[in-house]
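Let's take a friendly walk through a protein structure together. Keep the 3D view open as you read.

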Amino acid sequence: MTVSRSSGQRISGPYFNGSKLHDPKPSSGDRSVYAQILTVLMFVALLVTSIFALSSGAAEVNINSTMSYIFSFGRSLEINAYERVILEAIRLPRVILGILIGASLAVSGAVMQGLFRNPLADPGIVGVASGAGLGAVSFIVLGTSYLAPVATFFGIYHVPIAAFLGGILTTFLLYRVSTRGGHTSVATMLLAGIALGALAGACTGILVFIADDEQLRDLTFWQLGSLAGATWTKIFAIAPIILPILFLSAFLAKGLNAMTLGEATARHLGINVQIFKRITIIAVAASTGAAVAVSGGIGFVGIVVPHLLRLWIGPDHKYLLPACALLGAIMLLLADTVARQIVAPAELPIGIITATIGAPFFLWILLRKRSLLDL
Amino acid sequence: MLSVSHLNVSLARKQIIKDISFEVPSGTFCSIVGPNGSGKTTTLRALTGEIAYRGSVQVNNLDIKTTHPAEMAALRGVLPQSSQLAFPFTVYEVVSLGQLSRTYMLLDREGIIAQALEKVGLANFGRRFYQELSGGEQQRVQLARVLVQVWEPVWHGMPRALFLDEPISSLDIRHQIQIMKIARQYCDDGGIVVAVLHDLNLTAAYSDQIVLLKDGTIHSIGQPQNVLTKNNLEAVYHCTMHVAQNDAHNQLQITPVLA
């Protein structure tokens, strides 16, 4: 006997009588309508933020020119050649990179928090970002000496590729340590992640110690995170990784919702937990590796954005993940615009801005909503 | 129908369950009782596939080891002893987690959630945050979630099953009776309930079949009046018991004799 899953008809009988008697909306705790409205609003906000980010910076490009450029898809004749170069070669790649990285960081954070059932889990915490960072730093420091042959082989991509591999490697190591007989222990994984992160941090420390002055400047920028040096090449390098994962995350929502009740219950609700975990882990590792590879370690976006949104629209991942992508992009664009403006024409690493705003904000959320977060 | 044959479970190299076999026909409320450490919860966790076991467990002739989780989810709901929630879900959202299965494609989701909440006595709790509820209320929300998952007791001609691990242990007497009645009704409508219970009087009043466990083996199995006898209970619990049939209410009364 097999179970037919194509139950098409609406079943009537004693268990479905009264369904019309109730109007569940007024007293229900269903926040989906609110979530949908907020998602639309944030989409508009992202558009406004993008235009704002495009038109602000060290060089003068006024808002009208930016608008006509955007809404004519680059064919506008109203802007001059100077403005066109600034927009096309410098600001547009930077804004698009910011959107991709911001969305990826926030979604990876939300997915990892759902998987680990812990609102503090983040690729930065389970060592994936540290592993990716170690990969990058080893090539920045040793790229001209011990690792020179490899660095030459990969050309200008050697640092991003190293970061990407570092992230994937840490994740697989993490997975090997915490998986026995096809069962992954979330607690072991969290603790192993902290240990691996510390180890990667220590190795990075040694490399920083032996680095020369010029490398140190590169390293500082990398470790604090920055969108400087955004190019179309970098976008084409990471978009094929980040975009499919963002779309994939929509299919993870159901499983992540079930996982909030624990692995055993998720299985009883119909999720094939082991396969689900594998897919999720690989997705997070790949998108974190890609993000760290081009922008370094930008902290707090992956923790603050999902937290805020859970308070606003609830923790249902069906709405949470797309909302995270939008708000992550908005926040990173705003932070980057501040980073570019505050000490213009020089610029601050964006990680400083996200940490300065993010950390106190995070503390404030913890203090205010302690009972809801149930740490 | 649930059939269990030669079930053996070892945890940390110690054999907890020793060669248990029994069957629960459709329409039957089966209670698993026994002292602490006799293997009640372990048995239930094996029956739901949460822990490794030797032997065979079949729900409607589907082996639970080889059946896809999604197919199993359409056939049976499981209420754990306690549930912790990682994020601030509302009661409505927690109950709606029971509707992940594809069997819910075209049904009236909101109506069913409202009815389930009303059944467990939490009709106006939809908006409340799960984590702000008392332990007993949380347990009833979880029960509503499980009920919603397998809402009709018979589905496409097949009985569905509820596995409940101590569903009433944190409830007051009124809600204990309310939950036992829900389980009873589920069986009367053709479903199966397998519950781990401690309260012998309520168990006797509502169950069709009782599995009395002792040290990981079945001490006795059958109808309440045949299993919950003075001799059986004294042998299993090691305390003097008084068992009487209250003729006025046709109800077994089981009380320990306090020396």
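Here is a short report on charged side chains, a helix and some sheets. Please keep in mind that this is a predicted model.

## Charged partners in chain A

Side chains of opposite charge can pair when their charged atoms come close. Over all chains, the structure holds eleven salt bridges. Four residues, A:Arg94, A:Asp336, A:Arg340 and A:Glu347, are linked in a network of such bridges.

| Pair | N to O distance |
|---|---|
| A:Asp336 and A:Arg94 | 2.8 Å |
| A:Arg94 and A:Glu347 | 2.7 Å |
| A:Arg340 and A:Asp336 | 3.6 Å |

Where do the partners A:Asp336 and A:Arg94 sit in the chain? A:Asp336 belongs to helix 14 (residues 317–341) of chain A and A:Arg94 to helix 4 (residues 81–116) of chain A, so this pair links distant parts of the chain, 242 residues apart. A:Glu347 lies in the loop between helix 14 and helix 15 (350–368) of chain A, so its pairing with A:Arg94 ties together parts that are 253 residues apart in sequence.

The pair A:Arg340 and A:Asp336 tells another story: both residues lie in helix 14 of chain A, four residues apart, about one turn of the helix. An α-helix has 3.6 residues a turn, so residues three or four places apart point the same way.

Is A:Arg94 buried or exposed? A:Arg94 counts as buried because its relative accessibility is 8%, under the 20% cut-off. A:Glu347 has 26% relative accessibility and therefore counts as partly exposed. A:Arg340 and A:Asp336 are both buried.

## A covered helix in chain A

Helix 5 (residues 128–142) of chain A has 15 residues and reaches 21 Å from its first C-alpha to its last, close to the 21 Å expected. How many of the 15 residues of this helix are buried? Twelve are, and helix 5 of chain A is mostly covered. Among the buried residues are A:Val128, A:Gly131, A:Phe139 and A:Leu142.

## Sheets in chain B

Strands of a sheet pair through backbone hydrogen bonds, either parallel or antiparallel. In chain B, four strands form an open sheet in the order 2-1-4-5, with antiparallel pairing. Strand 2 (14–24) and strand 5 (62–63) of chain B stand at the edges with a single partner strand each, so one side of each is left without a neighbour in the sheet. Inside this sheet, five bridges join strand 1 (residues 2–11) of chain B to strand 4 (residues 54–59) of chain B; for instance, B:Asn8 has B:Arg54 as its bridge partner. Helix 1 (residues 40–47) of chain B lies across strand 1, strand 2 and strand 4 of chain B, and runs at about 115 degrees to strand 1 of chain B.

Another open sheet in chain B has six strands in the order 6-9-10-3-11-12, and its pairing is mixed. Its edge strands are strand 6 (76–79) and strand 12 (217–222) of chain B, each pairing on one side only. Strand 3 (residues 29–33) and strand 11 (residues 209–214) of chain B pair in the parallel sense over four bridges, and B:Cys30 has B:Gln209 as its bridge partner. Helix 6 (residues 173–188) of chain B packs on the sheet, touching strand 3, strand 9 (161–165) and strand 10 (192–196) of chain B.

Finally, look for a hairpin: strand 13 and strand 14 of chain B form one with four residues between them. B:Asn250 in the turn has a positive phi of about 50 degrees.

Methods. Residues numbered from 1 in each chain as written. Chains lettered and ligands numbered in written order. Predicted model: local features only at pLDDT ≥ 70, side-chain atom pairs only at ≥ 80, totals over all residues. Heavy atoms only, no water. Salt bridge = Lys/Arg side-chain N within 4 Å of Asp/Glu carboxyl O. Helix = DSSP H or I, 4+ residues; strand = E, 2+ residues; numbered from the N terminus. Buried < 20%, exposed > 50% of the residue type's maximum accessible area, 1.4 Å probe, protein only. Pairing = 2+ DSSP bridges. Expected span 1.5 Å × (residues − 1). Contact = heavy atoms within 4.5 Å. Axes fitted to C-alpha atoms, helices over the stretch in contact; angles between N-to-C directions.
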